[in-house]
Amino acid sequence: GAATAVGVPESAQAHPRVPRSAEPARAMEDHVFSWCNLCPWRCGVIVRRDDNGRIARLEGNPDHPQNEGLLCSRGHAGVMDVYNQDRIKQPLLRDGPRGSDRWRPVSWDEALDLIGERLRAVRDEHGPQGISVLAHSYWKKPYHRLAQALGTPNFIDSVWAMCLGPRMLSYELVAGRPLTGIETLDVRRTRYFLIFGRNLAESFLNGEVRDWMRALADGAKSVYVDPRHTITADRSHEWLPIRPLTDHALVLALIHTVIEEELYDSAFVEDYCTGLDELRERVAGYTPEWAAEETDIDAADIRRIAREMAEAAPAVLAYAPRRMARTRNDVGLGVAIAVLNSLFGVWDRHGGIFRPQRLEIPEPDLPEFPESAAEPIDGTGVPDRYPLANPQFGLASTFWSALAAQDPYPVKAMIAAGNNAMKNTGFPGVVRRAIDQLDLFVATDIQPNETNRLADVILPEPSALERYDDLQEGWGYRGWIAVRMPGMEALHDTRDPWRICQGIAAQLGLEDYFPHGSVRELIEDRLEKAGYDFEALAEKGVITTEADPAHNFPREHGASSRFDTPSGKVELVPSRLVEHGLDDALDYRREVERGGGELHFLFGRVSFHTHTRTQNNPWLAGFMEENPLWIHEETASERGIVDGDTVEVIDSRGCREVFHARVTARIRRDAVYTAHGYGRDDPRLSVAHGRGGSATTFASPDIDPTSGAAAMLRGLVHVRRIEPSEGVS
Ligand code: SF4
């Protein structure tokens, strides 16, 4: 196929192998267990210490189900989160205009007293809803508890609106089983993959990419759909260079073909699905010929792929992107993908989607949380505004503009943990205006970034390797819990997120919500409730449930599947979409119309970076100095651009970035691409500062009205060659 014809990709030369420890494991017997903090996959880690009790090296924990002993390049480089010279080393108060980089080091007492005084003033004047709290990942639990104790509805976890929300919602609508960050796909046994822009080999989640490579080695077929020839395309059998943002059209034509040619699993559809007739009508016009016009993929290929999938079913997976915050109809695409999978009867079958086990550990007993007196400002509480958004997460997409406008009511304080909205959203100007409205902005993190640079108070945290954290609870073939223990004493004057929240809560008279003296006490309390003891967990770093294939794959074992939808069935036309009048999401609509000379601006991942959190890690920065702009040979030549030239990228809003061109055949003529996370302008980042250009400059600020998620890939740009001296804005 096209993938092999292109040959060894240029970026593969800089692509790291999965490193293995050079020394045998017995070299440093002194160790504790933790889990990796460098991406959301959370691999189990063994932290090895040298004779002075300092962290010397990390290894993968062979007993941890997420990684079975492997760490990726980022995981190994986690050591440099500890020793990074740019870390925030003590609490800092802003001592000049916002963004002036003038800071005064203070004691924790002084910082917390000032925070308490201003939070109490905001609460007295505007109520608890005048305080907002932003946190995701391992920060979420302590900060969510703080927000609940306060009684503010303005809690935001960006993972929904900036990443997984549309995919979670789609699977929930169709089958009542959301596909969350730890995917429950039986990748290892899948025989046929149809992958929509899910760049497995470069977004690199350890267990998932390992299982995909194993499946390929065992003879599975992989068809990869993306305007760009990624490393995933290179490892696949076929690359379909689809016109950007038309994936929904392709999936609808596949569904059309599967129904028209009766390629679906009729027994499964009969027993478990509703809505086949209505679906047939809805997709009647989406013929392969129609889709060929829209997507630039041959109608014959679409028919062939539908038949090949039917042949491999139920061990087939149409693979949705992980970050689906891309277009104004990601839910339409997500639902179509979930429906296509369902027509092939993948649920609870080998090579399809399995039912996970969980290991439930009770939460500690706490006083009841107060009712919130107001609706959140992000619009999720307004009837009919975003009725399908999940209130547990809030909408990071709409929150900032509401904060900037102070509408519908004043929010005057913000506590933001590990947040970098200035570099992760397509609307940094709005984020800046929002921050300027605040009487108090407290930012907590391990390292500097462009957003905490604007704070009034910065509170420093120990790196993940220097602290305890609440139990990591995961699911999969087996349920599991994992422990994070400090590998050494914290290097700087830092406090872990739980202790920070406890300190802020005490300032507000809410100390009863944080009753544990330490994170270790919190863990021990929870474990005891579940009948485990800490020592048993600390022995291998992880406790798992017994394997139970009959639980994971009931339909392989003569039992039935269950679906938690309103009808109790897989809904091929989801009733909740219809009920809310949002079922036009099921219809195809063209995302953007390109004008003369405009190019789609695409951005994505490289395997050695995660979002904007790793570019200042000196080990990882060594893999790729800066992010070049991929541009097709013909597109480049029309503009007089040759490889390595300095190029200016500009959009209709006047947003501008400068890159070096990488002229390549590995992208469509109508698109350019670069890696996310570069283009950092915080001078405190001594490694990352000034390297490359920022991809999110061209992220569109639009929103998917069904999920409320951001629609970041709609950007269109002009590209021209400039003299290197013009690169300075
Ligand atoms: Fe860490 Fe890599 Fe595992 Fe992600 S995949 S948790 S970065 S080792």
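Biologist: Which residues point one way from strand 9, and which the other way?
Modeller: This is a predicted model, in which local features need pLDDT of at least 70 and side-chain atom pairs count only at pLDDT 80 or more, while totals for chains, interfaces and linings use all residues. Residues are numbered from 1 along each chain as its sequence is written. Strand 9 covers residues 221-225; helices (H or I, at least four residues) and strands (E, at least two) are DSSP runs, numbered from the N terminus. S222 and Y224 point one way, and the other way point K221, V223 and V225.

Biologist: How many residues of strand 9 are buried?
Modeller: A residue is buried if 20 or more other C-beta atoms lie within 10 Å of its own, exposed if 12 or fewer, and partly exposed in between, with C-beta atoms placed from the backbone. The residues on both sides of strand 9 are buried. The strand is mostly covered, and the count is 5 of its 5 residues.

Biologist: In what sense does strand 9 pair with strand 8 and with strand 10?
Modeller: Two strands pair if DSSP finds at least two bridges between them. Strand 8 (residues 192-196) is joined to strand 9 over 5 bridges, with I195 as the bridge partner of Y224. Strand 10 (residues 238-240) is joined to strand 9 over 3 bridges, and there V225 has L240 as its partner. The sense is parallel for strand 8 and for strand 10, also parallel.

Biologist: Which strands pair with strand 15?
Modeller: Strand 15 (residues 440-445) is mostly covered, with 5 of its 6 residues buried. A parallel neighbour is joined to strand 15 by 5 bridges, and in that pair A413 stands opposite L440. Another parallel pairing has 4 bridges, with V442 opposite V457. The partners are strand 14 and strand 16 (residues 457-460).

Biologist: In what order do the strands of the closed barrel run?
Modeller: The barrel has 6 strands, with mixed pairing. The twist averages 45 degrees from one strand to the next; axes are lines fitted to C-alpha atoms, for helices over the stretch in contact, and angles run from 0 to 180 degrees between N-to-C directions. Strand 21 (residues 599-604) and strand 25 (residues 671-675) pair in the parallel sense over 5 bridges, with H600 opposite A671. The order is 21-25-22-24-23-26.

Biologist: Is D348 buried or exposed?
Modeller: D348 is found in the loop between helix 15 and strand 13 (357-358). Its phi is positive, near 60 degrees, in a residue other than glycine. D348 has 25 C-beta neighbours inside 10 Å, so it counts as buried.

Biologist: How does S137 count by its C-beta neighbours?
Modeller: S137 lies in the loop between strand 6 (131-134) and helix 5 (140-150). Phi of S137 is positive too, near 55 degrees. S137 has 17 C-beta neighbours inside 10 Å and therefore counts as partly exposed.

Biologist: Which residues around the ligand are the closest?
Modeller: The ligand is surrounded by 14 residues, where near means that the C-beta atom, placed from the backbone, lies within 6 Å. By class, 9 are nonpolar, 3 polar and 2 charged; Ala, Val, Leu, Ile, Met, Phe, Trp, Tyr, Cys and Pro count as nonpolar, Asp, Glu, Lys and Arg as charged, and the others, Gly among them, as polar. The closest are C36, C39, C43, C72 and G75.
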